[in-house]
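Please look over the sequence and the structure before reading on.

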Amino acid sequence: MRFVHTADWQLGMTRHFLSGDAQPRYSGARRDAVAGLGTLAAEAGAEFVVVAGDAFEDNQLAPEIISQSLEAMRTIGIPVYLLPGNHDPLDAASVYTSALFTAECPDNVVVLDAAGVHRVRPGLEIVAAPWRSKRPTGDLAAAVLDGLPADGTTRILVAHGGIDVLDPDTSNPALIRLTALEDALSRGVIHYVALGDKHSRTQVGATGRIWYSGSPEVTNFDDIESDPGHVLVVDIDEADGAVSVDSRHIGRWRFLTLQRQLDTDRDVADLDINLDQLPDKGRTVVRLALTGSLSVTDRAALDACLDRYSRLFAWVGTWKRHTDLVVVPVDGEFTDLGIGGFAADAVAELVATARGGDTGVADDAHAALALLLRLVDRGAA
């Protein structure tokens, strides 16, 4: 028996730094990843798809997002089992009980809205642990495993949330306990655990049967998500219970962090080369952590570089908490501008302010000097 394990689609997600057409393209890519599961499932010979929580970004979504998402699920063509998670719990405002979802839900989509066993076919069951609020007061996975027999039925536990061996917040009552999962696996009560909530592909424990699939499209930068963009094709031998997991990378977007020390024009040129060599710029987000000390001329070159790439990448910008660039005018930098009189005196005053003024005033002086350099370079001064 073979199925696809995925999670954390978070359809309807927006990223605050995406503007222009980048956000619609990103949203479209997330839906395309869902629709593309049909082709992947057909090629793999999968019976069904389980979504281990957070199919939707929120319970409050625009009607077009719900309709487009359901259409993407319909095109998968095989049964799709949706587990409500922390983003889309089965609370009073649940998207899963809305009139629009109920009216347009395709026949192949099943919401795992009841805690416990859901029969897929004779000898095969899904054990579901849906969220009914954003703050469960206990281990939902352990609760649905309690009392299940080891009777030869092949079972897949579908759960959502942090697991105790990976989550630093040990006081969280909703943490899933690894020992409970491993005990149920060892007794043959369940045969695989499909987890959601962690957006990077992650194997948990040493059994090879407990996995976070991660989100099929990246949702955060690489310091947070080290391995996004996957779905898992899972094989369970119904005769002996053997399990194998095949990871498939389907994500097309990337959120990258580049850390660079910039002190010379060569450093700025190297950064330019690095950005130029990154492929697929329209689906790449770049966050820059820049440190160092630049002349006004080199800072102006950096600004021109970033301005150019801002038109090519989905987004490129600085990571403010980790960026510390000092701009210091160097001797002779403004001596060959071809200006004199009051203009030359004004430039000298700006240079002095940039070197010794308070931070806000110095920044204004840097900006004015950089603008002057750009105007001179264009023959406009």
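The sections below cover the overall fold, then helix 2, then a pair of helices.

## Model and overall fold

This is a predicted model, in which local features need pLDDT of at least 70, side-chain atom pairs count only at pLDDT 80 or more, and totals for chains, interfaces and linings use all residues. Residues are numbered from 1 along each chain as its sequence is written, and side-chain values use heavy atoms, with hydrogens and water left out.

The protein has 10 helices and 16 strands; helices (H or I, at least four residues) and strands (E, at least two) are DSSP runs, numbered from the N terminus. Of its 381 residues, 48% are buried, meaning under 20% relative accessible area with a 1.4 Å probe, protein chains only.

## Helix 2

Helix 2 spans residues 37–44, and its buried residues are Leu37, Gly38, Leu40, Ala41 and Ala44. They line one face of the helix because they fall within an arc of 165° seen down its axis, taken from the directions from the helix axis to the C-beta atoms.

Ala42 and Glu43, on the face turned away from the buried side, are exposed (over 50% relative accessible area). Just after helix 2, Gly45 has a positive phi of about 75°.

## Helix 1 and helix 3

The axes of helix 1 and helix 3 (residues 63–74) come within 7 Å and cross at roughly 30°; axes are lines fitted to C-alpha atoms over the stretch in contact, and angles run from 0 to 180 degrees between N-to-C directions. The two helices are therefore roughly parallel, a term for angles under 35 degrees.

Arg31, Val34 and Ala35 of helix 1 meet Gln68, Ser69, Ala72 and Met73 of helix 3, where contact means heavy atoms within 4.5 Å.

How values were computed. Parallel < 35°, antiparallel > 145°, perpendicular 65-115°, else oblique.
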